Structures are given as structure tokens and as C-alpha cells.
Amino acid sequence: MLSEDAFGADAVDGVITKEVTSSNMGSNPWDLQILQDGVVVEAGDSYEVSFTASSTEPRSIVAGVQKTSAGYDQYGQGVFAVTAEPTEYTYDVNPVVTDTNAGIYFNLGKSSDEETPESTVTISDVKMTKKSVPGTKVKKSYTSGRISTQNKQTFTYGLFEARVKVPKGQGYL
């Protein structure tokens with residue numbers, strides 16, 4: 001769901017690398033923020049955001065999806081303890097309103113709960129996927145199908161109608 005150029009100049013080949021120093025971390029987590037806006041979320045849908053992160057020094061980061069204009073409503077977020085080992089993290093997003101300009105953000109500024117060390121934070125493989133909800137019908141589009149009548153019936157012209165049973169499960173009607 002994210003474009004190839006997500007996070008703009010903050011990302012090179014899909015990898016975000018940010019130096020966090022005492023001079024740029026500010027006094028709040030959001031004082032040093034990496035943001036990709038223009039993300040569409042729909043009311044009632046569920047999403048999962050995943051990313052891989054590491055830091056040269058153990059630290060916490062806040063990641064989430066929010067409204068990018070006044071009010072800054074949160075649609076989902078998580079606080080993650082990042083270490084030197086690249087690790088995949090996930091969190092859920094459950095918007096109550098449709099927003100065509102939401103933003104995925106990473107707050108790397110000073111954490112109010114702990115001492116925030118100077119470090120280099122690396123974030124990669126950022127993905128936001130729509131989750132399917134069991135028991136809900138999703139409109140699916142199919143462009144082809146195949147019915148074999150080999151050794152059963154021969155047709156030259158005309159209309160063929162059939163009543164078929166399709167097994168239940170993912171990928172079926």
C-alpha cells in the first residue's frame with residue numbers, strides 16, 4: 001500500500017537511516033519524526049503495519065498511523081524497544097473514520113519515560129496491509145475460469161449454462 005518513493009528523502013532504496021543526537025532529538029518523541037503522508041485508511045477496516053528496525057544503542061521508538069492535520073487523531077500506534085539486532089515489529093490500525101491523507105510516522109525524539117541515547121536508527125521494510133476479517137464478504141473480481149468437458153460433452157454452437165458448487169475457503173467466490 002506504500003509507494004516506491006515512500007518517506008521521500010528520508011529513505012534510500014527503501015531504508016531509512018537517521019542519526020539521533022542530543023541536538024536534534026528535542027524534548028518530545030515527536031520532535032524528531034519521519035512521516036509518510038497520503039496514506040488512505042477506511043473506516044471499519046483493519047490494517048497491519050510492519051517494519052524492521054535496529055539502533056546502534058538500545059532505545060524506544062513510537063510508530064503509528066494518524067491524521068496529518070489539526071487534531072492528529074491516532075488510528076493505531078505502538079511503542080517498540082529497539083536494539084542492535086534488526087527485528088520485525090507490527091501493530092494494528094483500526095480507523096473509525098475514512099482518511100485519504102493519513103500518515104505513517106516514526107517518532108525518534110526524546111522519550112519522556114527514559115534516558116534517550118544518541119544513536120543511529122535504521123528502519124526498513126515498512127508495509128501496511130489490509131487485514132481480512134473472518135465472516136465478512138469481500139467483493140472479488142475474477143477475470144478467467146475454466147470448465148473442462150473433455151470426454152463428457154461436445155459443443156459446436158450455442159449457450160452453455162451450469163449450476164456449480166464452489167468449495168468454501170480463501171480464493172473462491
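I looked up Gln66 and left aside its neighbours within four places in sequence: Gln66 is in contact (heavy atoms within 4.5 Å) with Gln33, Tyr72, Asp73, Gln74, Tyr75, Ala102, Gly103 and Tyr105. The model is predicted, so local features need pLDDT of at least 70, side-chain atom pairs count only at pLDDT 80 or more, and totals for chains, interfaces and linings use all residues. Residues are numbered from 1 along each chain as its sequence is written, and side-chain values use heavy atoms, with hydrogens and water left out.

I placed Gln66 in strand 5 (residues 59–67); strands are DSSP runs of E, at least two residues, numbered from the N terminus. Gln66 is buried at a relative accessible area of 10% (buried means under 20%, with a 1.4 Å probe and protein chains only). Its side chain makes a polar contact of 2.9 Å with that of Gln74 (a pair of N or O atoms within 3.5 Å, one able to donate a hydrogen and the other to accept it; residues adjacent in sequence count only if both atoms are side-chain atoms).

Next I searched the whole structure for aromatic pairs and found five (ring centres of Phe, Tyr or Trp, its six-membered ring, within 6.5 Å; edge-to-face means planes over 60 degrees apart). Phe51 and Phe80 are edge-to-face, at 5.3 Å centre to centre and 85 degrees. Phe51 sits in strand 4 (residues 46–55) and Phe80 in strand 6 (residues 74–82), so this pair ties together parts 29 residues apart in sequence.

I then checked Phe51 with Phe106: centres 5.0 Å apart, planes at 80 degrees, so edge-to-face. Phe106 lies in strand 8 (residues 99–107), so the pair ties together parts 55 residues apart in sequence. Phe51 is buried at 0%. Phe106 is buried, also at 0%. Ring pairs link Phe51, Phe80, Tyr89, Tyr91 and Phe106 into a cluster.

Definitions and conventions:
Helix = DSSP H or I, 4+ residues; strand = E, 2+ residues; numbered from the N terminus. Buried < 20%, exposed > 50% of the residue type's maximum accessible area, 1.4 Å probe, protein only. Phe/Tyr/Trp six-rings, centres within 6.5 Å; stacked < 30°, edge-to-face > 60°.
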